[in-house]
Amino acid sequence: MLAFIGAMELEVQEFLKRMEDVKKHDISHIDFYTGKLAGIECLVMRSGVAKVAAAISTTIMFEHFKIDGVINIGTAGGLDMKEEVLDVVVSTRVAHHDIDVPGWDVGFDQERNSFMADQKMIDCLKSIVDESDRVWFGDIATGDCFIYREDQIQRIMKDYPTALCAEMEGAAIAQVCRHYQCPFVIIRSLSDITHKEGNELSFDEYAEKASSRSALWCEKFIQVYSK
């Protein structure tokens, strides 16, 4: 079955509103929900914040459930001046931007800490996007830090120049998926654009809109992907 991993509790709750036959599983202090979305079996969970929490929860999920694919939804900060708040970025690749080891390559064109999203999932998402949706398909950078300072932005853009956004869980989830040989895709709504001033929504306003849309997209996704 497909697993949908959200970053916020509100995102999980939006899924649960759309699901039937929901059963809660409390494993190692993490709540997993199984049930049917659009009549199709799936799992929903909250990753926790940052890479270690996301890796722990995703590993526990794989050890206790039979998962055929992972869709990670959540929030990110945009890195492209052409982006707007509430735009969506869908991963083609995702990488740890904060790993700094002498002799290790940086950028997305390496496999040590960069991970390729599943092409079938990407194509499926392209098929359900409306013309009115502002969606970007490209690279995502992950690190254990909130990106807001100019030096942080410059470092990411130097080492990972094609990154469209930065967030805190995606590459960790992708790395666990690689270990378990499971396809994945990352979907991130932009809560702010780091280069722009005065572009933020109030968090409550943003979260409500983004969470509702993510659940709707995933409901469409599971129907198309499962055919």
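Me: Which residue takes a positive phi in the hairpin of E3 and E4?

Reply: This is a predicted model, in which local features need pLDDT of at least 70, side-chain atom pairs count only at pLDDT 80 or more, and totals for chains, interfaces and linings use all residues. Residues are numbered from 1 along each chain as its sequence is written, and side-chain values use heavy atoms, with hydrogens and water left out. Strands (E, at least two residues) are DSSP runs numbered from the N terminus. The hairpin has 2 residues between its strands, and the positive phi, near 55°, belongs to alanine 38.

Me: In E4, what is the bridge partner of glycine 35?

Reply: Two strands pair if DSSP finds at least two bridges between them. E3 (residues 30-37) and E4 pair in the antiparallel sense over 6 bridges. Within E4, glycine 35 has as its bridge partner cysteine 42.

Me: Why is strand E8 largely enclosed by the rest of the structure?

Reply: Buried means under 20% relative accessible area (1.4 Å probe, protein chains only). E8 covers residues 135-142, and it is largely enclosed because the number of its 8 residues that are buried is 6.

Me: How many bridges join E8 to strand E9?

Reply: E8 also runs parallel to E6 (residues 88-96), joined by 8 bridges, with histidine 96 opposite threonine 142. Toward E9 (residues 163-167) the strands run parallel too, and aspartate 139 stands opposite alanine 163. The number of bridges joining E8 to E9 is 4.

Notes:
Buried means under 20% relative accessible area, exposed over 50%, partly exposed in between (1.4 Å probe, protein chains only).
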